[in-house]
Amino acid sequence: MNPLVLPTISTFFIALSAVLVAIGWALVKQRKIEAHKKTMFAAAIAALTFFIIYVSRTLFIGNTAFGGPEEYKIFYTTFLVFHIILATTGAVFGLVTIWSGYKNNLQRHRKLGPITSVIWFFTAITGVMVYLLLYIIYQGGETTSVFKAILGF
């Protein structure tokens, strides 16, 4: 299998989730509540699809090391840590925001929604940038599975 297939597919889903969040935000501004709910649910499914592919790939294939120039590695690593913090924060905010909407706690949902959306937009943008740096701009470095790294097979 081409080593770009899974990273490309997972990056597509994270970008799709951000586009759907933007559409959902526009729909709620237009008071199209049912369309907003459906679109945000689709955004959550796209984000979950990304996460499942990412975790599966990490466990069974592994993570790809930065393959760019050594002098850029510290900048890439700093950027990657920033992205991971954003993604983790965005996921937690996303779950709370979705849950508050589902439970019809609209005061909390309206307060968190815009914050969550902005965090998610930056998460998606930095995620696409990580993909570009790892696979398009520079050739990815070594990839080792978690099982191989820990268990030796």
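Helix H3 is followed by Asn-104, whose phi is positive, near 65°. The model is predicted, so local features are reported only at pLDDT of at least 70 and side-chain atom pairs only at pLDDT 80 or more, while totals for chains, interfaces and linings use all residues. Residues are numbered from 1 along each chain as its sequence is written, and side-chain values use heavy atoms, with hydrogens and water left out.

**Loop residues with positive phi**

Asn-104 is not a glycine, yet has a positive phi of about 65°. Asn-104 is placed in the loop between helix H3 (73–102) and H4; helices here are DSSP runs of H or I with at least four residues, numbered from the N terminus. With a relative accessible area of 56%, Asn-104 is exposed. The classes are buried for under 20% relative accessible area, exposed for over 50%, and partly exposed in between, computed with a 1.4 Å probe on protein chains only.

Arg-31, likewise not a glycine, has a positive phi of about 65°. The loop between H1 and helix H2 (33–60) holds Arg-31, which counts as exposed at 66% relative accessibility.

**Helix H3 and its buried residues**

H3 has 30 residues and reaches 42 Å from its first C-alpha to its last, close to the 44 Å expected at 1.5 Å a residue. That expected span is 1.5 Å times one less than the number of residues. The buried residues of H3 are Tyr-76, His-83, Leu-86, Gly-90, Gly-94, Thr-97 and Ser-100. What covers these residues includes H4.

Thr-97, in helix H3, counts as buried at 7% relative accessibility. Leaving aside residues up to four places away in sequence, Thr-97 touches His-109, Leu-112, Gly-113 and Thr-116, where contact means heavy atoms within 4.5 Å.

**Helix packing**

Axes are lines fitted to C-alpha atoms, for helices over the stretch in contact, and angles run from 0 to 180 degrees between N-to-C directions.

| Helix pair | Packing angle | Distance between axes |
|---|---|---|
| H1 and H4 | about 155° | 9 Å |
| H1 and H2 | about 160° | 8 Å |
| H3 and H4 | about 145° | 8 Å |

Helix H1 covers residues 5–29 and helix H4 covers residues 106–137. H1 and H4 are therefore roughly antiparallel to each other. In this scheme angles under 35 degrees count as roughly parallel, over 145 as roughly antiparallel, 65 to 115 as roughly perpendicular and the rest as oblique. H1 passes H4 in a left-handed crossing. A crossing is left-handed if the near helix is turned anticlockwise from the far one by less than a right angle, and right-handed if clockwise.

On the H1 side, this contact is made by Pro-7, Thr-8, Thr-11, Ile-14, Ala-15, Ser-17, Ala-18, Val-21, Ala-22 and Trp-25. The H4 side contributes Pro-114, Ser-117, Val-118, Trp-120, Phe-121, Ala-124, Val-128, Tyr-131 and Tyr-135. By class, the residues of the contact of H1 with H4 comprise 15 nonpolar, four polar and no charged. Ala, Val, Leu, Ile, Met, Phe, Trp, Tyr, Cys and Pro count as nonpolar, Asp, Glu, Lys and Arg as charged, and the others, Gly among them, as polar.

For H1 and H2, the angle of about 160° makes the two helices roughly antiparallel. H1 passes H2 in a left-handed crossing, and the contact of H1 with H2 has 21 nonpolar, six polar and one charged residues.

The crossing in which H3 passes H4 is left-handed. In the contact of H3 with H4 there are 18 nonpolar, 13 polar and one charged residues.

Leu-27 is placed in helix H1 and is buried, with a relative accessible area of 15%. Beyond residues up to four places away in sequence, Leu-27 touches Lys-32, Ala-35, His-36 and Thr-39. Leu-27 and Thr-143 are 116 residues apart in sequence and 41 Å apart in space, C-alpha to C-alpha.

Pro-3 lies in the segment before H1 and counts as exposed at 61% relative accessibility. Between Pro-3 and Leu-134 there are 131 residues of separation in sequence and 11 Å in space, C-alpha to C-alpha.
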